[in-house]
Amino acid sequence: MNARLDSFSYDDAIVRKFLFATIIFGLVGMLVGLIIAVQLAYPAANFGPIFAFGRLRPLHTNAVVFAFAGNAWFCGAYYATQRLLKTRMWSDKLSNFHFWGWQAIIVAAAITLPLGYTQAKEYAELEWPIDVAILIVWVAFAVNYFVTLTKRRERHIYVAIWFFIASIITVAVLHIFNNLAIPVGPLKSYSIYAGVQDAFMQWWYGHNAVAFFLTTPFLGLMYYFLPKAADRPVFSYKLSILHFWSLVFLYIWAGPHHLHYTALPDWASTLGMVFSVMLIAPSWGGMINGLLTLRGAWHKVVEEPVLKFFVLAVTAYGMSTFEGPVLSIKTVNGLAHYTDWIIAHVHTGALGWNGFLTFGMIYWLAPRLFQAPLFSKKLAETHFWVSTFGILLYVASIYSAGITQGLMWRAFDETGRLQFPDFIETTMRLMPMYWVRVAGGTLYLAGTVIFIYNIVMTWKRRPAAYDVPVVTAAPLDLSTPEPHAPAGTGVYARFVGLGWHRRWEGMPLFFSVMVLVAVAVASLFEIIPTFLIKSNVPTIASVKPYTPLELAGRDLYIREGCFNCHSQMIRPFRFETERYGDYSKPGESVYDHPFLWGSRRIGPDLAREGGKYPALWHVRHMENPRSISPKSIMPSYPFLLTNRTDFDGIQKRVDAMAMLGVPYGDAINHANQMARDQAALVAADIEKNGGPAGLADKEITALVAYLERLGTDIRQPAATAAAPAATAAATTPAPLKAGGN
Amino acid sequence: MRSIADVVGASGLSGYAIVALILFFLAFLAVLAAVLSPARSSYYERAGRLPLDDLTPQTPREP
């Protein structure tokens, strides 16, 4: 019927580019990870403002998620998509724009994060200009991808591509909605959401970023490269379709499990828990499907390092997708949340699933892309064992660290008092395990170095010019009905005949819209009630906005990344209220743009820090925590005592907050002066108690004013605090006077 | 904004999240039934072999 034949070739140059980006940024991301692991065990390894834990930790997470895993996904997707669709990417220009744009974003992240520019939301730290750039690059990628789909020469769109499509769409939605913020400077913005809403958006995003950046794209890679490497089709294609739809249907709902026992409404976290538990079924279906693909080929696993990496990756996927639902059960979460257990969970996924799948894929791709045999199979084998051992050390030590600390936090002695009232005691107990983690991380990194050496040596053996095979295939005429269309009439026959499903599959755009609808509906049902139902966030009359100086201090807290070690969310457990004070109420964070609840307690919770110590205590502690708490692992911040506060910039920030609906009253007109007045008071108090003089215009004063305010509003009677909050001088001396409570 | 919040707040929307949950579950069951039906086995058999050949399209062209 169609006599014309097209000749074309696949664009492998773009695949090679992404391959190199993957290995380079993998190395960087893991190296930064190792550095921050050392910093937790040995705080002297924090250097200056830039190389301190609070600023490097987001660099590590962003580098491994978006630079290492992201480039790995694109590398595999460009290779697989062209071959599955029997077509070249639609536009080489857009492919290259995607590549260079993405690398530029990574470089921008690597510069801005250590300099302290951050939105303070996990995995969404990058400031607004970079977010805009991400959006532009993503749209270019999506356009190129979707047009390529319409140019395909294969009728059926293989399941791996469904996973890629769903990931592309969902990541775009997540990115746009979580990053809505109003700019207050070239590299500074405030989230349009506050408190509970912001937390909800963030963990809707955070959870689904793990789902649609680290899980579904890698499942797409698994469903392509595992059959390739094993040279046999996936065990059950049906199961892979079920796997796909159940993830799309269920995943989006599970986000609230990150916020159990917080100020989040109860129904929302119960919903999150139910959906999370349901996720076990499809995830394990997928794992079993992957492993059974190798049935009858296990002898190959023994000889072939590629398959070894895949087997461990799929097993790690199964382990972490079993553990995730377990962690989402409220009682388990009560123990695990804020501890290293979560870090261990994440690393089973990241080191095992994402890392090993990437290694396996690249070992398989390298000889094909560089058209030369792999430099050394033996080294690949060594890499496998060294890194596997590294994962075991990492995960085992950090699990025990998490459980140990969780149990110590909640231990009471026989008199009914906290058994370990001093927080640092619970940290010291973890030190040996932190060192074992450093050893584990070093081994994993060593494996990666071996890997890179092997790949580079393979690349060196490449021919002078790559052979580019020409493919000939007939174009696809979608207007003709598909051969072997299902027989049978009647609703049921047509339904189970899956004609409808195949028609969707033939219409990638329609199919994508369906995915978008599923994602959007689930998200809206989750999010809207939290935003609109007033009873979900009862307001508290005595809770007032931060004064201009405190707001400036809060921005320093964000800049230094203190939220990476300190939570501000006391859960309603007796062991928490004994340690930190009254549990946090939703109404207390209504002016928090962004929220700063945190997710990990490397240091104690600070939600009720205000009034706990005199201002001078904080000055000394910030200058050198070990002068007060000899075993502290908190970095020193001596530069805060010399850096000048940017008083002139405060007005703009207050105005931005006012624009977001924070009732700032008087401060709208003279934030600068109010901040100076309050700073003078705080500095005088510090000096009077024997502290250094002349701190009024230094950053430390703003930060201390903020710390002294934290969690104190609720103790003020509504009547006295009813004076406009922003009259700084009137409201702040209360916490300042208090030397304890 | 506040007034919308009041109106919606009074309407007890949070129960609808459960309704959506059930709808999603039903939609999922529908896909489950369809995919597991034996009618399409040979179709899926072919689809599953797609990755194995990089050069020739797998779907037959001539009806």
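Visitor: What does the side chain of A:Q119 reach at 3.2 Å?

Guide: The backbone oxygen of A:L126. The side chain of A:Q119 also makes a polar contact with the side chain of A:D131, at 3.3 Å. A polar contact is a pair of N or O atoms within 3.5 Å; within protein, one must be able to donate a hydrogen and the other to accept it, and residues adjacent in sequence count only if both atoms are side-chain atoms.

Visitor: What are the ground rules for the model?

Guide: It is a predicted model: local features need pLDDT of at least 70, side-chain atom pairs count only at pLDDT 80 or more, and totals for chains, interfaces and linings use all residues. Residues are numbered from 1 along each chain as its sequence is written, chains are lettered from A and ligands numbered from 1 in the order in which they are written, and side-chain values use heavy atoms, with hydrogens and water left out.

Visitor: Is A:Q119 buried or exposed?

Guide: Buried, because its relative accessibility is 7%. Buried means under 20% relative accessible area, exposed over 50%, and partly exposed in between (1.4 Å probe, protein chains only).

Visitor: Where is A:Q119 in the chain?

Guide: In the loop between α3 (92-112) and α4 of chain A. Helices (H or I, at least four residues) and strands (E, at least two) are DSSP runs, numbered from the N terminus.

Visitor: Which residues is A:Q119 in contact with, leaving aside neighbours within four places in sequence?

Guide: Among them are A:W128, A:N179, A:S189 and A:P594. Contact means heavy atoms within 4.5 Å.

Visitor: What joins A:H593 and A:P594?

Guide: A cis peptide bond, with omega about -10 degrees. Most peptide bonds are trans. A:P594 sits in the loop between α21 (574-580) and α22 (615-623) of chain A.

Visitor: How is chain A divided?

Guide: Into domain 1 (6-462) and domain 2 (548-731), with bounds from an automatic or database domain assignment. Their centres, taken over C-alpha atoms, are 34 Å apart. The contact takes 58 residues from domain 1 of chain A and 50 residues from domain 2 of chain A.

Visitor: Back to backbone angles. What is phi of A:D231 near?

Guide: Near 60 degrees, a positive value in a residue other than glycine. A:D231 lies in the loop between α6 (195-230) and α7 (237-250) of chain A, and A:D231 counts as exposed because its relative accessible area is 54%.
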